[in-house]
Structure formats: C-alpha cells, structure tokens
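Try each task before you read its solution.

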Amino acid sequence: MKFNFNTLEITNWNNYPIRTWDAAGNATKETENTHSGRTHLPAGEVSSPVGHRLLTIGDDSKFQEAVSNCASQAGHILETAQNGTQGMRILQEKNPDLAILDSRLPDMEGLAWLRMIRQTESGLRLPVIVASAKRVDAEVAEAFDLGAEDYVLKTCDPMELSARIRAALRRRY
C-alpha cells in the first residue's frame, strides 16, 4: 500500500495499482490485473459473480467432484482435463489462474506435466496444487522444487481443500 495525505492506493505484489480511494473514502480508480484481465478488489469485496478460472487435471472422479464443489461454492469457473494432454491444451486455450494436478495421470506422471508447463509462457508462473492418493516425501520435495504452490492428499477434507485453493490464489493474485 502507498499512503499520502489525500489518497490510499492498494497495489498487487509487483506494485501495480489495483484500487485507489480519495480522502473522503470514495473509490476513485479501479484497474484490471494484467495477468487475468479480471478486476481485483480488497479482501472481502466482490466485483462480480465470477471468480478465478481453475483447471483440474486427472481422472479420479471423486477428487474431480470435490474440486468441482469447492470451485462452485467459491464462484470459480472450473475447467477439467482427464489427462495431461487435455490439460496442456486447456492451459494454452483458457489461461487458468490455478491448476490442481493429480500426481498420477493416465498418459504421464503429474510431475512430468508440471515440469513441461514450467517451460511454457502460460505455465511458467501458474500456481499449481499437486494432489496425490498417498504422501511420498521424495515426490513432495520434487513437486515443490518444480514450483508447486502446495501438495495435498486427495482424501483431505473439502474445507481444507477450499482453504488451500483460496490461499494459493491469494498468494498469487
């Protein structure tokens, strides 16, 4: 935040102005985030019924349903891919704000997919939450080394999953 005697300005992580208020508390300027094109407001305020665009990649129908419920309750748009190839296509076409990646995909390892997207323009800074049926310490370490935002068990509580999605989005946007 920047302060002066007449205005209050909220900025994002790279000091890009998001919203400004005058001394009387009236909003004077609202700008768009250049990454997603959506207007971002201070915490607690909602500018539109549409939230972030999420991409979930994997063929585990129970986990897909859990992510779908979390996304719909939070007002997010959810894109689903059954495998890494579909996930890569959706990543290029839809430019999601967050990906939730199954560590075991039908056509490749999830961490191989993560390694591939880190070499693309659209995937370089994409926050990714890796989901796994069981915790393997070496896999957790590799996921974080590849830039994963978080690592969760597929059996985690839906409230925990929602909180982890919110936290990942908050850290990035």
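A polar contact is a pair of N or O atoms within 3.5 Å; within protein, one must be able to donate a hydrogen and the other to accept it, and residues adjacent in sequence count only if both atoms are side-chain atoms. Helices (H or I, at least four residues) and strands (E, at least two) are DSSP runs, numbered from the N terminus. This is a predicted model, in which local features need pLDDT of at least 70 and side-chain atom pairs count only at pLDDT 80 or more, while totals for chains, interfaces and linings use all residues. Residues are numbered from 1 along each chain as its sequence is written, and side-chain values use heavy atoms, leaving out hydrogens and water.

**Exercise 1.** Find the residue that caps the N-terminal end of α5.

Solution. Start at D157: one of its side-chain oxygens lies 2.8 Å from the backbone nitrogen of M159. D157 is therefore the cap of α5.

**Exercise 2.** Compare the reach of α5 with its expected span.

Solution. Helix α5 (residues 158-172) has 15 residues. The expected span is 1.5 Å times one less than the number of residues. From first C-alpha to last, α5 reaches 21 Å, close to the expected 21 Å.

**Exercise 3.** Work out the strand order of the open sheet and its edges.

Solution. Strands pair if DSSP finds at least two bridges between them. The five strands run β6-β5-β7-β8-β9, with parallel pairing. β6 (77-81) and β9 (150-153) each have a single partner strand, so one side of each lacks a neighbour in the sheet. Within the sheet, β5 (residues 53-57) and β7 (residues 98-102) pair over four bridges, and T56 stands opposite I100 in β7.
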